[in-house]
Number of protein chains: 2
Amino acid sequence: MRTTLDCIPCFVRQALEAMRRLAGDEHATRRLLQDLLVDLSQMDFDQSPPMVGRRIHRRIRTLLGDDDPYRALKDRFNRHALQLYPALKRRVEEASDPFQAALRVAIAGNSIDFAALDDVTESSVNTLMESAWDRPLLGSPGGLRQAADAAPSILYLADNAGEIVFDRLLIERLPLDRVTVAVRGAPVINDATIEDARAAGLTELVDVIDNGSDVPGTVLEECSPAFRRRFDEAPLILAKGMGNYETLNTMSGHSVHFLLIAKCPLVAEHLGCRVGDFVASSNHAARLQKQGVRT
Amino acid sequence: MRTTLDCIPCFVRQALEAMRRLAGDEHATRRLLQDLLVDLSQMDFDQSPPMVGRRIHRRIRTLLGDDDPYRALKDRFNRHALQLYPALKRRVEEASDPFQAALRVAIAGNSIDFAALDDVTESSVNTLMESAWDRPLLGSPGGLRQAADAAPSILYLADNAGEIVFDRLLIERLPLDRVTVAVRGAPVINDATIEDARAAGLTELVDVIDNGSDVPGTVLEECSPAFRRRFDEAPLILAKGMGNYETLNTMSGHSVHFLLIAKCPLVAEHLGCRVGDFVASSNHAARLQKQGVRT
């Protein structure tokens, strides 16, 4: 997806909220915003929104002199998700369709997104998890299940810390010996890195690699050659979250299934759904309406 | 009120919406946003938000080559308000407290604000008018009534086109020979100018002057000497809308009553109320909580 004019006020708001959350220093926040405004005035609209997000968050890290300012938040939501994990696991196992139940939990976990949302709390996560079991799931979850069963290997692109613990419930429903989980190569916002995969217990369960990049999405030219090789060879890719959707949605040579909550009106419009919808959509179906029923 | 960092994403969003509404040309909209972003990066935060609003809308008018791009919208909402006027007038006259009923209608009219709001329609105006009779009115409407009865003259600062027709119902409850209505000196957003006062029938009813300025608020140093004289001599000023509040709220040498809907979280916080609240507040009471009961 290309960046649109509508993204600009949203970037400015996100940067303001991020600085307020991380620094609490109006002077530093003002300096960031002033730099950012000049930066945005010169931006290349052919870039995807996560490329702009990277620029904003590189600037925030430099201003704060902190390579990983979201570390405490990431730890906090990993801890919270790990507390929920045993009960969710039981509930998934007891569900009439454990695969789809796990898919719903993984998608609900996509609410732990400090880029698109500002009001993520333990309580908001709990509320969404509780409603996840009965929500419509747009796209082709059945198709995903079939593709996962048939694929000789699966590359699972994680999105955020905290969320990655909920991903584990879905990953446990996949053929573990054929799954590789990929995380970001360096800290950006609250996106999961190798540290979070470890906290979620994934490193003991499946292969985990990092993509070599600090883009909050998957821009192949920005990723390491090793990751690109794995990506190119992957017969099936599961991509979590809006950042991965915004950077991979035009990918046609691969089979990519996007698992996300639509949190922005433009992404929702692009997908053909509403803000807040749970989506499990394949890149081989143009829009959700064409992928048949809500399940 | 000074401009805060929170105003910046809002200015960018307002400029984007204004250009989309007026031009429908993505190329021109992009050019405006690019200029605006540089402009905002250098802005003086000691200015009030309406001063920044003026810069944005001067730029929009230049880019469009149109001195009054909101003219059609202003005419449309004048027409709509004039259609509602006879029935509202009857309802005010039949109310148990006609002054307070007229005050509510005038405040409800403040919803016709294309700066703070994007989704103003005839239908949204009708809905708000219908609910206006029973809404809590924060501040000191009783104090306003007493002040209006006692004042040897009253300066009424109008805000927007359309709204000015609803103002007429309140103005008709004031001693007409002592009222002067002031409008903006030149077009800016959908703020009322002399043309709108005429459309509302006010020029036949009371003295109408313009303030000589295109700021969507009242910044005295930007106003004409004639207006400033009238302002300085006015024993009682009724100021409609957020723009007038943001530019006059620190005024201590005058008795100013602000009549508005709080449409922005910062103004609401400043007033001590919630977004959406109807307010009739005097500058001689610091915050609404100190002005006693909701009526």
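1. In chain B of this predicted model, B:Leu155 stands opposite B:Ile237 in S5(B). The two strands concerned, S2 (residues 154-157) and S5 (residues 236-240) of chain B, run parallel and are joined by four bridges. Pairing here requires that DSSP finds at least two bridges between two strands. Strands (E, at least two residues) and helices (H or I, at least four) are DSSP runs, numbered from the N terminus.

2. On provenance and numbering: this is a predicted model, in which local features need pLDDT of at least 70 and side-chain atom pairs count only at pLDDT 80 or more, while totals for chains, interfaces and linings use all residues. Residues are numbered from 1 along each chain as its sequence is written, and chains are lettered from A and ligands numbered from 1 in the order in which they are written.

3. The sheet of chain B is open, has seven strands in the order S1-S7-S6-S5-S2-S3-S4, and shows mixed pairing. Strand S1 (137-139) and strand S4 (207-210) of chain B are at the edges with a single partner strand each, so one side of each has no neighbour in the sheet. From one strand to the next the twist averages 20 degrees; angles run from 0 to 180 degrees between N-to-C directions, and axes are lines fitted to C-alpha atoms, for helices over the stretch in contact.

4. Helix H7 (residues 141-150) of chain B packs on this sheet and touches S1, S2, S5, strand S6 (256-261) and strand S7 (278-282) of chain B. The direction of H7 makes about 55 degrees with that of S7(B). Contact between two residues means that their C-beta atoms, placed from the backbone, lie within 7 Å.

5. Also in chain B, helix H4 (residues 71-94) packs against helix H5 (residues 98-108) at an angle of about 145 degrees, and their axes are 7 Å apart. H4(B) contributes B:Leu88, B:Arg91, B:Val92 and B:Glu93 to the contact, and H5(B) contributes B:Pro98, B:Ala101, B:Ala102 and B:Val105. By class this contact has six nonpolar, no polar and two charged residues. Ala, Val, Leu, Ile, Met, Phe, Trp, Tyr, Cys and Pro count as nonpolar, Asp, Glu, Lys and Arg as charged, and the others, Gly among them, as polar.

6. How do the chains relate? Chain A is superposed on chain B by a rotation of 180 degrees with 0.0 Å of shift along its axis (RMSD 0.0 Å). That is the relation of a two-fold axis. The same surface serves both copies, as 100% of the contact residues of chain A recur in chain B. The superposition is by least squares on the C-alpha atoms of residues with pLDDT of at least 70 in both copies.

7. At the interface, 16 residues of chain A are in contact with 16 residues of chain B. On the side of chain A, the elements that give two or more residues are helix H1 (7-22) and helix H2 (26-41). The largest share, nine residues, comes from H2(A). By class, that side has nine nonpolar, three polar and four charged residues.

8. In chain A, seven strands form an open sheet with mixed pairing, in the order S1-S7-S6-S5-S2-S3-S4. Strand S2 (residues 154-157) runs parallel to strand S3 (residues 179-183), with four bridges between them; the bridge partner of A:Ile154 in S3(A) is A:Val179. S2(A) also pairs with S5(A) in the parallel sense over four bridges, and A:Leu155 stands opposite A:Ile237 in S5(A).

9. Is S5(A) covered or exposed? Five of its five residues are buried, buried meaning that 20 or more other C-beta atoms lie within 10 Å of a residue's own (exposed: 12 or fewer; partly exposed: in between), with C-beta atoms placed from the backbone. A:Leu236, A:Leu238 and A:Lys240 point one way from S5(A), and A:Ile237 and A:Ala239 the other way. S5(A) and S6(A) run parallel and are joined by four bridges, with A:Ile237 opposite A:Val256 and A:Leu238 partnered with A:His257. Six of the six residues of S6(A) are buried. Five bridges join S6(A) to strand S7 (residues 278-282) of chain A in the antiparallel sense, and A:His257 has A:Ser282 as its bridge partner in S7(A).
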